[in-house]
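This report considers a ligand site, a pocket and a sheet in turn. The sequence and the structure are shown first.

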Amino acid sequence: MALTLTDLQAPHGFERLVEAKDQSAGLHALICVHSTVLGPAAGGCRMWAYASPSEAIRDVTRLARGMTYKNAMADLGLGGGKSVIIGDARRDKTPDMMRAFGRAVQLLEGRYFTAEDVGISPADMAHAAEETEFAVGLSTASGDPSPWTAEGVFRCLLVGAQHVFGSNDLQGRRVLVQGLGHVGLSLAEKLHDAGADLIVTDINPDAVEDARVRLKADVCAPDAVFDQQMDIFAPCALGGVLTGDHVARLTARLVCGAANNQLATPTVGQDLISRNITYLPDYVVNAGGIISVASEIHGTGNGWRRARLDGIAGRVSQMLDRAAQHNRSTTEIADEMVETMLARNSAA
Ligand code: NAD
């Protein structure tokens, strides 16, 4: 049977939610376009063994909305979207499935650009790209986005340090980097070069040993993060790491890291304020990767990427000033900045 594209009822405030099915290729995917107010929607494709289609719909809509905010804040001239393929990436994925997914993306005629996300590799995207001109983040084009993500986090961390400590000199500041993967290790190297005293943790002992030797880092066990003395906490592993209990024990005065969805619940934003801990919203500081991907969409080079990184650091500074002035959380201020941008452009 050929590919079928069916429009589903999109939640209020979303532009489009599409279901793509191709039985012979084993494809069952959902593509959500949250907003094209600022440009065509862009956001990765995730493959996951969702327990039910409604769980997949919840995830794809939540992620698509998040991309609108991230792309707007990074000034990319792009809206927000996301796609999910329902299935086990290790067992079910085939080149044929990815090609069918590419055909589905192509049928949206450029309203949505796709890229890799959890469960999808650059090689998978290359199969999708055989069928669509709207697949980006290919290893032959903009390349690995992680160094750009690390650079963006580092620049924002310097802005945060200036705000919190009155100086962006990291010499002797104690920074804990949680997760030494693609982004965390690169960030740890930059922090080391800037003179910070590192504490590192990872569930991978080889990564920890490398940082201990090369970056002269102190090491802590993954479950001992919130028992450490530190000035700055840089979460670069998992989401949901800041729970109420963790914030109560956190000694850092600044949190700035790459991990997505760091606040376990929205109320943790208030817990951070009451403990006088400055939190730089994850979706703002970790936009370096999507900036890199966007440069591929727009056909721009490194100068454009660097200007966008400068832009996010500048917006972090504005956000911190406003949050301090109104005694509100940086997350609320960031969301409000995006909503103002969207309203201004919808009206235009
Ligand atoms: P990665 O998989 O390369 O690295 C994650 C690291 O965290 C791994 O080394 C892993 O062993 C470690 N880890 C896992 N559980 C841990 C735990 N309980 N305690 C300590 N360490 C643990 O991922 P990445 O690409 O470096 O991304 C890191 C985070 O940043 C993720 O949350 C990702 O969603 C987010 N992010 C990444 C990018 C990017 O460009 N790669 C862009 C935006 C956001």
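How far is an oxygen atom of the ligand from an N or O atom in the side chain of His182? The distance is 2.7 Å. This value, like the others in this report, was computed from a predicted model.

**Ligand site**

His182 belongs to a group of 18 residues around the ligand, and the nearest of these are Thr149, His182, Val183, Asp202 and Ala237.

| Residue | Side-chain atom | Ligand atom | Distance |
|---|---|---|---|
| Thr149 | polar atom | oxygen | 2.6 Å |
| His182 | N or O | oxygen | 2.7 Å |
| Asp202 | N or O | oxygen | 2.7 Å |

When taken alone, the ligand exposes 830 Å², of which the protein buries 72%. By residue class, the shell around the ligand consists of 10 nonpolar residues, seven polar residues and one charged residue.

**Second largest pocket**

The second largest pocket holds about 280 Å³ of space. Its lining is formed by 16 residues, and those closest to the centre are Ile273, Ile277, Thr278, Ala323 and Arg328. Which elements give two or more residues to this lining? They are the helices α8 (268-274), α11 (302-326) and α12 (330-347), together with the strand β13 (278-279). The lining of this pocket divides into eight polar residues, seven nonpolar residues and one charged residue.

**Sheet**

Strand β13, named above for the pocket lining, is also part of an open sheet of six strands. The order of the strands is β10-β9-β8-β11-β12-β13, and the pairing is parallel. At the edges of the sheet stand β10 (218-219) and β13, each of which pairs on one side only. Strands of a sheet pair through backbone hydrogen bonds, in either a parallel or an antiparallel sense.

Strand β9, which spans residues 197-201, pairs with β10 in the parallel sense over two bridges. Val200 has Val219 of β10 as its bridge partner.

Technical notes:
Residues numbered from 1 in each chain as written. Predicted model: local features only at pLDDT ≥ 70, side-chain atom pairs only at ≥ 80, totals over all residues. Heavy atoms only, no water. 1 Å grid on protein atoms, 1.4 Å probe; cavity = no way out; pocket = protein on both sides within 12 Å on 5 of 7 lines; lining within 4 Å. Points joined across faces, edges and corners; volume = space filled by probe spheres on them. Helix = DSSP H or I, 4+ residues; strand = E, 2+ residues; numbered from the N terminus. Nonpolar A, V, L, I, M, F, W, Y, C, P; charged D, E, K, R; others polar. Near = heavy atom within 4 Å. Polar contact = N/O pair within 3.5 Å; in protein donor to acceptor, adjacent residues only side chain to side chain. Areas by Shrake-Rupley, 256 points an atom, 1.4 Å probe, with all protein chains shown as cover. Pairing = 2+ DSSP bridges.
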